[in-house]
Amino acid sequence: MQLDVVTLFPEWFEWFSGQRHVANALTHGHELRTLNPREHTSLSGGQVDDTPFGGGAGMVLRVDVMDAALRGFYGVDPVDLRHQRRVLALTPGGRILDDSFVGELAAEPAITLLCGRYEGFDERIVQHFASDAVSVGRYVLAGGELAAMVVMDAVLRKLPGSLGHADSALEESFSAALGGDPEYPHYTRPAEYRGWKVPEVLLSGHHEEIRQWRRARSRERGAAGGGSSLP
Ligand code: ADE
């Protein structure tokens, strides 16, 4: 899969690319590229943003700058680009990212992630250049970079070669294998610590009982709304 990120802060993604599961994915043929709109602006001083019409605080990423950046990088009109590959505009008001959306994206051969900064994008970028507006939650980050990393992290771990163990992503929280419920609890050694014991069934070696126990815990968590019922 080819992942392109349009960002004013490409250096953030150098760190991201070096993380083990991302690096694994990249050595398995997946690709992560960055594109900095500042390198494509014809405005003086490398200007990429401007004050919002109608007034208000903050700065807005300019549509002409984004147009030039995408056109320069892909060699096509960005209005057509979104018909060739998924172009995701990261914005707090977009479609909330969940496991099924991640699965949808993981099936794409290529995606482009547009990171807004400051007050975000000129709305015409979202309307005319993006195929989707994506949110990682109903809160506002300083920019789309962390949101882009969230999207890519979740997508990459669904792809073969990213996780060490082939089954690791199959039976995880919210997956179809768990009926959309959160994952069951995990335990490891020691089997008892400060009097806190690991559930007996997990030590029993009875695979079917373990499977049933895990499914039941997963359902319980789902019924509780995903949050664990801590005292
Ligand atoms: N940019 C700023 N906040 C965001 C959010 N919550 N999701 C996606 N992109 C964002």
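A charge sits over a ring if NZ of Lys or CZ of Arg is within 6 Å of the ring centre and within 35 degrees of the ring normal. Here, Arg95 does that: it lies over the face of Phe101, at 3.6 Å from the ring centre. Keep in mind that this is a predicted model, where local features need pLDDT of at least 70, side-chain atom pairs count only at pLDDT 80 or more, and totals for chains, interfaces and linings use all residues. Residues are numbered from 1 along each chain as its sequence is written, and side-chain values use heavy atoms, with hydrogens and water left out.

**The sheet**

- Let's start with the strands: 5 of them make an open sheet in the order β2-β1-β6-β5-β7, with parallel pairing. (Strands are DSSP runs of E with at least two residues, helices are runs of H or I with at least four, and both are numbered from the N terminus; two strands pair if DSSP finds at least two bridges between them.)
- The edges belong to β2 (31–35) and β7 (132–135), and each has a single partner strand, so one side of each is left without a neighbour in the sheet.
- On average, neighbouring strands of this sheet are turned by 30° against each other, direction ignored. (Axes are lines fitted to C-alpha atoms, for helices over the stretch in contact, and angles run from 0 to 180 degrees between N-to-C directions.)
- Zoom in on β5 (residues 86–96) and β6 (residues 110–115): they run parallel and are joined by 5 bridges.
- Within that pairing, you'll find Leu90 opposite Cys115 in β6.

**Helices across the strands**

- Helix α5 (residues 99–106) lies across β5 and β7, and runs at about 170° to β5.
- Then there's α7, which lies across β1 (2–6), β2, β5, β6 and β7 and runs at about 160° to β6.

**A glycine to look at**

- Gly144 sits in the loop between β7 and α7.
- With a relative accessible area of 4%, Gly144 is buried. (Buried means under 20% relative accessible area, exposed over 50%, and partly exposed in between, using a 1.4 Å probe and protein chains only.)
- Leaving aside neighbours within four places in sequence, Gly144 is in contact with Leu90, Cys115 and Gly116. (Contact means heavy atoms within 4.5 Å.)
- Gly144 and Asp67 are 77 residues apart along the chain, and their C-alpha atoms are separated by 18 Å.

**Salt bridges**

- The count comes to 15 salt bridges, each being a side-chain nitrogen of Lys or Arg within 4 Å of a carboxyl oxygen of Asp or Glu.
- One of them brings together the side chains of Asp50 and Arg62 (2.7 Å, N to O). This pair links distant parts of the chain, with Asp50 in strand β3 (residues 49–50) and Arg62 in the loop between β4 (60–61) and α3 (63–74), 12 residues apart.
- Asp50 is partly exposed, at a relative accessible area of 27%.
- Another has Glu108 and Arg86 as partners, with the closest N and O atoms 3.0 Å apart. Glu108 is in the loop between α5 and β6 while Arg86 is in strand β5, so the pair ties together parts that are 22 residues apart in sequence.

**Aromatic pairs**

- Rings of Phe, Tyr and Trp (its six-membered ring) pair if their centres lie within 6.5 Å; planes under 30 degrees apart count as stacked, over 60 as edge-to-face and the rest as tilted. By this rule there are 3 aromatic pairs.
- Among them is the tilted pair of Phe9 and Trp12, at 5.9 Å centre to centre with 45° between the planes.
- Phe9 is partly exposed at 21% relative accessible area, and Trp12 is partly exposed at 30%.

- Most residues other than glycine have a negative phi, and most peptide bonds are trans.
- A cis peptide bond, though, joins Arg189 and Pro190, with omega about 5°. Pro190 lies in the loop between α7 (145–156) and β8 (192–193).
- Arg194 isn't a glycine, yet its phi is positive, near 50°. You'll find Arg194 in the loop between β8 and β9 (196–197), and it counts as exposed at 64% relative accessibility.
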